[in-house]
Amino acid sequence: MLLAGAKGRARRSRLPFDLREEDIVIPVRCPVLGLRIRHNWNGKAPTDNSPTLDRLVPSRGYTRGNVIVVSMRANRLRSDGLPFEHRKIAAYYQKRLHAPSRKV
């Protein structure tokens, strides 16, 4: 299911695709958030714990060495942001959470 979905997205977005079924290894836990990966391929909507393919470098497409399996939650959080942007967001909210209360 992950393979077919990735192939369709690659075709629609004109991205490279060279994955095979054996290239997709679904871990027990999300390597990013530690959530238990839960398969729900019985027609139900995906959940935060569903496995998804994440492209490490989006422009390189769905190619061997450029995808990892993570939870839907991790993939959604990562979305299209870049690592430096995620660090800035994290730093801002960390600062706000530990700052004295003030009016917004």
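Is arginine 20 buried, partly exposed or exposed, and what is its relative accessibility? Arginine 20 counts as partly exposed because its relative accessibility is 37%, where buried means under 20% relative accessible area, exposed over 50% and partly exposed in between (1.4 Å probe, protein chains only). The model is predicted, so local features need pLDDT of at least 70 and side-chain atom pairs count only at pLDDT 80 or more, whereas totals for chains, interfaces and linings use all residues. Residues are numbered from 1 along each chain as its sequence is written, and side-chain values use heavy atoms, with hydrogens and water left out.

**Confidence**

- The chain averages a pLDDT of 88, pLDDT being the predictor's confidence in each residue, from 0 to 100.
- A score of at least 70 is reached by 95% of the residues.
- Among the elements of the chain, α1 has the highest mean pLDDT (95) and helix α3 (residues 83-98) the lowest (85); helices (H or I, at least four residues) and strands (E, at least two) are DSSP runs, numbered from the N terminus.
- Where pLDDT is low, the predicted coordinates should not be read in detail.

**Nonpolar core**

- Ten residues form the largest nonpolar core: Leu2, Leu3, Ala6, Ala10, Leu19, Ile24, Leu53, Tyr62, Val67 and Val69. Such a core is a set of buried Ala, Val, Leu, Ile, Met, Phe, Trp, Tyr and Cys residues joined through side-chain atoms within 4.5 Å.
- Leucine 3, a member of the core, touches Phe17, Leu19, Arg20, Glu21 and Ile24, not counting residues up to four places away in sequence; contact means heavy atoms within 4.5 Å.
- In soluble globular proteins, nonpolar side chains tend to be buried together.

- The structure holds five salt bridges, each defined as a side-chain nitrogen of Lys or Arg within 4 Å of a carboxyl oxygen of Asp or Glu.
- Arginine 20 pairs with glutamate 22 in a salt bridge, and their closest N and O atoms are 2.9 Å apart.
- Glutamate 22 counts as exposed, because its relative accessibility is 55%.
- A salt bridge also joins the side chains of arginine 64 and aspartate 23 (3.0 Å, N to O).
- This pair links distant parts of the chain, 41 residues apart: arginine 64 lies in the loop between β1 (51-55) and β2, and aspartate 23 in the loop between α1 and β1.
- Arginine 64 counts as partly exposed at 42% relative accessibility, and aspartate 23 counts as partly exposed at 24%.
- Arg20, Glu22, Asp23 and Arg64 are linked in a network of salt bridges.

- The side chains of arginine 76 and aspartate 48 meet in a salt bridge (2.6 Å, N to O).
- Arginine 76 is partly exposed at 43% relative accessibility, and aspartate 48 is partly exposed with a relative accessible area of 32%.
- Arginine 73 is also found in helix α2 and counts as partly exposed at 33% relative accessibility.
- Leaving out residues up to four places away in sequence, arginine 73 touches Leu33, Leu35 and Asp48.
- The C-alpha atoms of arginine 73 and threonine 47 are separated by 7.9 Å, and these residues are 26 residues apart along the chain.

**Nonpolar surface patch**

- Val32, Leu33 and Leu77 make a nonpolar surface patch of about 260 Å². Patches are made of residues with over 30% relative accessible area and no salt bridge, with like charges joined within 9 Å and nonpolar side chains (Val, Leu, Ile, Met, Phe, Trp, Tyr) within 5 Å.
- Accessible areas come from the Shrake-Rupley method with a 1.4 Å probe; for residues, only the protein chains shown count as cover.
- Leucine 77 lies in helix α2 (residues 72-78) and is partly exposed, with a relative accessible area of 45%.

**Loop between α1 and β1**

- Arginine 14 is placed in this loop and is exposed, with a relative accessible area of 79%.
- Phi of arginine 14 is near 55°, a positive value in a residue other than glycine.
- Alanine 45 is placed in the loop between α1 and β1 and is exposed, with a relative accessible area of 58%.
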